[in-house]
Amino acid sequence: MLNPESEWFGFRPVSPDEKAGLVGRVFSSVADRYDLMNDLMSGGLHRLWKDSLVRRIKPQAGQQILDVAGGTGDVALRCYKKAKCNAAITVCDINPAMLAQGKAKAVNQGILRGITWVEGNAEDLPFADRSMDLYSIAFGLRNVTRIDQALREAARVLKPGGRFYCLEFSPGVTPFLKPLYETYCTKILPPLGGFVAQDREAYQYLAESILKFPPQEELARRMEKAGLGCVRWTNLTGGIAVIHEGWRL
Ligand SMILES: C[S@@+](CC[C@H](N)C(=O)[O-])C[C@H]1O[C@@H](n2cnc3c(N)ncnc32)[C@H](O)[C@@H]1O
């Protein structure tokens, strides 16, 4: 079955349309505390994971770079700095509240041009075929309703030879960490989200969606099916986070 995740909101069975609305509500609700929560819940590790991602991406001056589900702009801002401000970077996200936080962060850092902020759906990207050199999606694919459709869209907008990168949490953590990790996800994350972001349910969804996300091998297979080649992945921090990458052939 394609897109099995489209019928789950975390551990709750839902219709695909319902899922999109519920995910939208999660990010509208947490947008203004999203960055703070990322630091608290990962102990700052998300910054190192995003640094690793951007070291992999190696953004270069003159490239067209698309960061999908780019939210508050962490990956785009890193790419901007790495490409010495000379790449054309587009952040595409379905949620205007997350984009507004990202734009404000860029302005606070004195970045007024070089990054374009576009409201759009990863499953139906508002960009031309073969128009991008690089596509990234960080902690976004898990929230998309139809993952296979989003992967096909990534392949469509990439130029032949363009690179795809996905940074995502994974349920496939090393057995040594697994019990601790699952306890953290189910017992600590939701109350922390309730306390800091005033939305326990949002962080319960986050934890459940991690445990429901396809493990490394399965995501790699689905990337290949969508038209991406030379697929490989790198586990970070014992597989808590994973970078998948591939080429548009
Ligand atoms: C966990 S945040 C990740 C934000 C950012 N990439 C980061 O790493 O901090 C997930 C983002 O995915 C976005 N999102 C969810 N479904 C989407 C879709 N179908 N298309 C585009 N963005 C989507 C949400 O609005 C949210 O901003």
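## The sheet

Strand β4 (residues 88-93) runs parallel to β5, and five bridges join the two; strands here are DSSP E runs of at least two residues, and helices are H or I runs of at least four, both numbered from the N terminus. Within this pair, aspartate 93 stands opposite glutamate 119 of β5. The model is a predicted one, in which local features need pLDDT of at least 70 and side-chain atom pairs count only at pLDDT 80 or more, whereas totals for chains, interfaces and linings use all residues. Residues are numbered from 1 along each chain as its sequence is written.

The pair belongs to an open sheet of seven strands with mixed pairing, in the order β5-β4-β3-β6-β7-β9-β8, where two strands pair if DSSP finds at least two bridges between them. β5 (115-119) and β8 are the edge strands, each pairing on one side only. From one strand to the next the twist averages 15 degrees.

## Strand β6 and its neighbours

Six of the seven residues of β6 are buried, a residue being buried if 20 or more other C-beta atoms, placed from the backbone, lie within 10 Å of its own, exposed if 12 or fewer do, and partly exposed in between. Strand β3 (residues 64-68) runs parallel to β6 and is joined to it by four bridges, with serine 136 in β6 as the bridge partner of aspartate 67. β6 also pairs in the parallel sense with β7, over six bridges, and here leucine 134 has arginine 163 of β7 as its bridge partner.

## Helices against the sheet

Helix α3 (residues 45-57) lies across β6 (132-138), β7 (158-169), β8 and β9, running at about 165 degrees to β7; axes are lines fitted to C-alpha atoms, for helices over the stretch in contact, and angles run from 0 to 180 degrees between N-to-C directions. Helix α9 lies across β8 and β9, at about 160 degrees to β8.

In α9 (residues 216-225), Leu219, Arg222 and Met223 are buried. Seen down the axis of α9, the buried residues fall within an arc of 105 degrees, so they line one face of the helix; the arc is that of the directions from the helix axis to the C-beta atoms. Their cover includes α6 (147-157), β8 (228-236) and β9 (241-248), contact meaning C-beta atoms, placed from the backbone, within 7 Å. On the other side of α9, Glu217, Glu218 and Arg221 are exposed. Just after α9, glycine 227 takes a positive phi of about 110 degrees.

How values were computed. Contact = placed C-beta atoms within 7 Å.
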